[in-house]
Amino acid sequence: MSDVQLSTTVTASLEDYLEAIFHIITEKQAAKPKDIAKRLKVSNSSVTGALKSLAEKDLVNYAPYDVVTLTPKGKAIAKDVIRRHEVLRDFFVNVLAVNEHDADEAACLMEHSIPKIILERFIQFAEFIEVCPRAGSKWVKGFSYYCDQGNTWDNCEKCISLTLEEVKQKRQGGQKKMITVRKLKDLKPGQRGKIVKVKAKGATNKRIVEMGITPGSVVEVERLAPLGDPIDVKVKGYHLSIRKEEAEEVEVELLP
């Protein structure tokens, strides 16, 4: 069953509960009804009703006075909702230059209804902006300036002049874009790169590709285990753990 099929079996309100339970378990290792009520700013009776409904759908394990856990099906839906939220929020912040607070609120409203095909296009467009030589971070910053300063011809003329001057200087200096290629295992938390090549063979290659780590995709290192293995990364909105020996086989072009 696909993520979309799973998520359509519950209401938006119940998806919020699953998302909240997932985050609480991640932070505290266990979720209690009172923690859920506090996080969602709802009454204890509302939480009780929601948990009973989720238990009937086999999405949570719930019993009075006990901790709440997610079933495999419930965890899958929670992860899908969180992915939708993060993809939308990141798109609003990184591409549309919306402030984080407004982006987060908008993502909360849209995460329950956006079709998967549209979500994937958001991801593809965001990656295109990051890696396209005619776009990139400067292009996004230019759009941010455009939004802040207003749509005037003077602003456009200034942008065009600066761009032409930059190109002229590079030609005169014989400068060429330097591409920094590194192994994924060498990236530090917070660094991002465009996947250039997956050198692994056989079963290892299959596992890496199935995780979405494919040439052209943008990968971000989120955190390293104490001994550097495994490595937590984010690809296409998914949070993944990849072994250091697997990251050794992935080459990336470092992004600014």
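Q: Two strands count as paired if DSSP finds at least two bridges between them. How many bridges join strand β6 to β7 here?

A: Strands of a sheet pair through backbone hydrogen bonds, either parallel or antiparallel. In this structure, β6 (residues 231-235) and β7 run antiparallel and are joined by five bridges; K234, for instance, has H239 of β7 as its bridge partner. Strands (E, at least two residues) and helices (H or I, at least four) are DSSP runs, numbered from the N terminus. This is a predicted model, where local features need pLDDT of at least 70, side-chain atom pairs count only at pLDDT 80 or more, and totals for chains, interfaces and linings use all residues. Residues are numbered from 1 along each chain as its sequence is written, and side-chain values use heavy atoms, without hydrogens or water.

Q: In which order do the six strands of the open sheet lie?

A: Follow them as β3-β8-β4-β5-β6-β7, with antiparallel pairing. β3 (181-183) and β7 (238-242) are at the edges with a single partner strand each, so one side of each lacks a neighbour in the sheet.

Q: Now to helix α4: which of its residues are buried?

A: Buried means under 20% relative accessible area, exposed over 50%, and partly exposed in between (1.4 Å probe, protein chains only). In α4, the buried residues are V47, A50, L51 and L54. Their arc, taken from the directions from the helix axis to the C-beta atoms, is only 100°, which puts them on the same side of α4. The face turned away from that buried side carries the exposed S45 and E56.

Q: What covers the buried residues of α4?

A: Look for contact, meaning heavy atoms within 4.5 Å. The cover includes α2 (12-28), α3 (33-40) and β1 (60-61).
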